[in-house]
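Here is a friendly tour of a few spots in a protein model. Keep the structure open beside you and find each residue as you read.

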Amino acid sequence: MKRIAEKFRLDGGAVSVKPLGEGFINDTFVVVTDKGTRYILQRKNHNVFPDVPAMMKNIEAVTSHIKSKAKDPDRETLTVVLALDGKLYHKDEQGGFWAVCTFIEGTKTFDKAETPELARQGGIGIGRFQALLSDFHTPLAETIKGFHNIRWRFTQWDEALKRNAAGRADGLKEEIDFVESRRAEMLDFWKKVEDGIIPTRVTHNDTKLSNILFDSKTGNVLCAIDLDTVMSSTALNDVGDAIRSYANRTAEDDPDFSKVGLDLDMYRAYMEGYLSEMGPNLCASEKEYLAFAPLYITYEQVLRFLMDYIDGDTYYKIKYPDHNLVRTRSQIALLKSMEENYDRMKETVASLL
């Protein structure tokens, strides 16, 4: 691990390398040099991100743009450390890809938004990230094919139903009918993105609260991190993904579906924070569909969980045999709650705008 770390332009020699976090996708480590400088070293998951060089190019372009506007460029975004050969990554002898960024000192993170105030701060973090990049026009690589593209997801869905790989589809009529009943509505929304009615921007695409760094002293939002999924899409996807996570009254796989539902206080708090940063940059069509975004992303997650269950649980890690089916039904319950509260969600957006 030290030899890998020293393939990069570190300030000093690596004296220790220790794991950081649980590593669901990438393997992450903290490197400490003999000068006391700390770095984040990651082994990028080449299966999830088939084109790591393009991904790293995206990250470098986006962070460079943010740095050009920042008062404190070393703390207000990630800093990519080059490899000794000048590349943004190192490829080891086994074909693994590695990347390094500086460790931003004096920061803290939160695993989840347990209060409306934390939800508001999460909205500030993502809203500020998008706002800083609202004038960024360099094309970004698509690091994960069809991410949040419901037309592509339906292609996968139709193939999964046809395969019925695990022989489970015949017992899922209610869930499949639920998906099909909303197909036209979701495609209609996505066509507006395809046609440019809803514009594409730089999006983070992984908006959980743990991807926002806070300053340890002030408690203020510092920056968004974990930029592997940064791509070009509609800004609404980040909003929808955040609300699905922040404003659900319980976990996304809670088997007690009576607990599932949209918390309107958390919803309002997140939207207040987000619009305080990004509101002035949104066009009329984006504002019109802000309240619909959580329905779209939650529906997509229903589709993906159910598709994986039909396929025999090949994508998501499961803890028990029907885990993906429980996830599916829990997300269906959340989507139904959003549909029931849709008018109030629109009223909230209108009042904040």
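Start with Gln121, which is found in helix α3; helices here are DSSP runs of H or I with at least four residues, strands are runs of E with at least two, and both are numbered from the N terminus. This is a predicted model, in which local features need pLDDT of at least 70 and side-chain atom pairs count only at pLDDT 80 or more, while totals for chains, interfaces and linings use all residues. Residues are numbered from 1 along each chain as its sequence is written, and side-chain values use heavy atoms, leaving out hydrogens and water.

The side chain of Gln121 makes a polar contact of 2.8 Å with that of Glu117. A polar contact is a pair of N or O atoms within 3.5 Å; within protein, one must be able to donate a hydrogen and the other to accept it, and residues adjacent in sequence count only if both atoms are side-chain atoms. Leaving aside neighbours within four places in sequence, Gln121 is in contact (heavy atoms within 4.5 Å) with Phe214 and Val221.

How accessible is Gln121? Buried means under 20% relative accessible area, exposed over 50%, and partly exposed in between, using a 1.4 Å probe and protein chains only.

| Residue | Relative accessibility | Class |
|---|---|---|
| Gln121 | 12% | buried |
| Asp226 | 29% | partly exposed |
| Asp313 | 16% | buried |

Asp226 lies in the loop between β10 (221–224) and β11 (231–233). Although Asp226 is not a glycine, it has a positive phi of about 55 degrees. Asp313, in the loop between α10 and α11, is not a glycine either, and its phi is positive at about 60 degrees.

The axes of α10 and α11 (residues 323–340) come within 8 Å and cross at roughly 160 degrees. Axes are lines fitted to C-alpha atoms, for helices over the stretch in contact, and angles run from 0 to 180 degrees between N-to-C directions. The two helices are therefore roughly antiparallel, a word used for angles over 145 degrees. Residues making this contact include Phe305 of α10 and Leu335 of α11.

Finally, turn to helix α8 (residues 264–278). Its 15 residues should span 21 Å at 1.5 Å a residue, and its end C-alpha atoms are 20 Å apart, which agrees; the expected span is 1.5 Å times one less than the number of residues. At the start of α8, a side-chain oxygen of Asp263 comes within 3.0 Å of the backbone nitrogen of Asp265. The buried residues of α8 include Tyr267 and Leu275, and the elements that its buried residues pack against include α3 (116–132) and α10 (293–311).

Terms used: Parallel < 35°, antiparallel > 145°, perpendicular 65-115°, else oblique.
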